[in-house]
Amino acid sequence: MAQQVQGVVAPGRNESVRVETIVVPDPGPGEAVVKIQACGVCHTDLHYKQGGINDDFPFLLGHEAAGVVESVGAGVTDVAPGDFVVLNWRAVCGTCRACLRGRPWYCFATHNAQQRMTLLDGTALSPALGIGAFAEKTLVAAGQCTKVDPAVAPEVAGLLGCGVMAGIGAAINTGNVGRGDTVAVIGCGGVGDAAVVGARLAGAARIIAVDIDDRKLAKAREMGATDTVNSRSTDAVEAIRELTGGFGADVVIEAVGRPETYRQAFYARDLAGTVVLVGVPTPEMKLELPLLDVFGRGGSLKSSWYGDCLPSRDFPMLIDLHQQGRIDLGAFVTETIGLGDVEKAFARMHEGDVLRSVVIL
């Protein structure tokens with residue numbers, strides 16, 4: 001039967017979030033109910049709260065989560081009650097043209113739960129990225145559950161559900177960073193620092209972190225950046241070129257999502273280099289570049305959606321690397337908080353005080 005649990009709801013555009021009682025139905029065919037143990041506070045949740053994604057309020061926020069499967073619906077075979085899982089927002093279908101061509105990380109028909117969670121009065125909730133994990137329990141498509149080693153702490157594992165995977169994947173999957181490459185990362189929040197970690201993991205020889213906040217640059221060095229550039233006081237393009245022998249970086253990862261920083265990335269790459277856009281722009285943003293420069297500089301201009309990851313492949317791999325001590329996913333956790341602290345966490349994130357606040361349930 002349906003359960004009543006506590007969850008964080010964004011009632012309307014730019015309104016403060018609040019903890020509400022929500023109704024979670026029993027899982028239907030292909031669905032699962034997951035008891036949430038930890039969920040990171042991601043900038044995408046703030047976009048939902050501000051109405052930057054769509055106006056389908058009220059939203060049940062939270063999507064960067066780990067927990068334990070409580071129950072599953074008919075036809076579910078990949079996960080079972082008791083499994084420790086990281087939730088992902090790209091449950092691949094297996095049958096679209098991308099999946100059939102062996103490129104499931106580009107799946108064009110990812111799916112979510114068919115049933116809706118509701119408020120007590122029956123108002124349907126829109127779960128952020130099809131997950132809605134700022135809640136004691138949530139209903140998802142079973143394919144959104146990726147089993148990982150239960151020995152890892154939930155607050156660490158959950159970060160793979162969005163920001164950390166997006167950044168690492170931007171480097172190793174989308175950017176194809178190779179041994180000896182030079183890499184620049186513009187924007188050193190959680191996603192940018194994860195891109196630094198990914199570039200180091202891939203064997204980059206030089207990793208240049210760019211930001212306007214010296215606190216973030218110091219953290220990027222801790223994560224593996226070899227050089228830092230404060231672009232508030234220094235021309236980022238010229239600094240990157242100077243640090244790369246005058247050529248520019250082989251791969252530039254833009255983790256801000258603004259036209260100004262994208263232009264920096266475009267001109268800071270070497271000839272035939274790669275630009276990876278992993279920062280999320282807003283709908284009104286426009287980019288203007290001389291077409292001759294696009295042609296003449298060659299190389300690749302890519303966008304990275306969820307780090308072009310395949311959760312069933314990448315989540316367990318990164319958990320293994322963390323347990324081996326080859327990457328420190330725990331370094332992304334700045335603080336742990338309760339459900340009632342999400343609004344404060346948004347403010348701290350906006351001020352650049354945290355990499356990740358993580359809700360513990």
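# Salt bridges, cores and a pocket in a predicted model

Arg-206 forms a salt bridge with Asp-227, their closest N and O atoms being 2.7 Å apart; a salt bridge here is a side-chain nitrogen of Lys or Arg within 4 Å of a carboxyl oxygen of Asp or Glu. Arg-206 lies in strand S12 (residues 206-211) and Asp-227 in strand S13 (residues 227-230), so the pair ties together parts that are 21 residues apart in sequence. The model is predicted: local features need pLDDT of at least 70 and side-chain atom pairs count only at pLDDT 80 or more, while totals for chains, interfaces and linings use all residues. Residues are numbered from 1 along each chain as its sequence is written, and side-chain values use heavy atoms, with hydrogens and water left out. Helices (H or I, at least four residues) and strands (E, at least two) are DSSP runs, numbered from the N terminus.

**Salt bridges**

- Side chains of opposite charge can pair when their charged atoms come close.
- The count comes to 13 salt bridges.
- In the pair described above, Asp-227 is buried at a relative accessible area of 12%, whereas Arg-206 is partly exposed at 30% (buried means under 20% relative accessible area, exposed over 50%, partly exposed in between, with a 1.4 Å probe and protein chains only).
- Glu-335 forms a salt bridge with Arg-348, with 2.5 Å between the closest N and O atoms.
- Glu-335 lies in strand S17 (residues 335-337) and Arg-348 in helix H11 (residues 342-350), so this pair ties together parts 13 residues apart in sequence.
- Arg-348 is partly exposed, with a relative accessible area of 32%.
- Arg-18 forms a salt bridge with Glu-20, and their closest N and O atoms are 2.6 Å apart.
- Arg-18 is partly exposed at 42% relative accessible area, and Glu-20 is also partly exposed, at 21%.
- A network of salt bridges links Asp-213, Arg-215 and Asp-353.

**Nonpolar cores**

- In soluble globular proteins, nonpolar side chains tend to be buried together.
- The largest nonpolar core has 87 residues, of which Leu-87, Phe-134 and Ile-253 touch the most other members; such a core is a set of buried Ala, Val, Leu, Ile, Met, Phe, Trp, Tyr and Cys residues joined through side-chain atoms within 4.5 Å.
- Helix H4 (residues 163-174) gives the largest share of this core, 6 residues.
- A second, separate core of 18 residues includes Ile-208, Ala-249, Phe-266 and Tyr-267.

**Second largest pocket**

- The volume of the second largest pocket is about 380 Å³.
- Of its 20 lining residues, Asp-78, Val-92, Ala-142, Gly-143 and Cys-145 are the closest to its centre.
- On a 1 Å grid over the protein atoms alone, a pocket is an open set of points where a 1.4 Å probe fits, with protein on both sides within 12 Å along at least five of seven lines, and lining residues have an atom within 4 Å of a point.
- Strand S10 (145-147) and helix H10 (311-323) each supply at least two residues of the lining.

**Backbone details**

- The peptide bond from Phe-57 to Pro-58 is cis, with omega near -5 degrees.
- Pro-58 is in the loop between helix H1 (43-49) and strand S4 (59-60).
- Asn-14, in the loop between strand S1 (3-10) and strand S2 (18-24), has a positive phi of about 60 degrees although it is not a glycine.
- Tyr-306 also has a positive phi, near 65 degrees, and is buried, with a relative accessible area of 2%.

Note on methods
Points joined across faces, edges and corners; volume = space filled by probe spheres on them.
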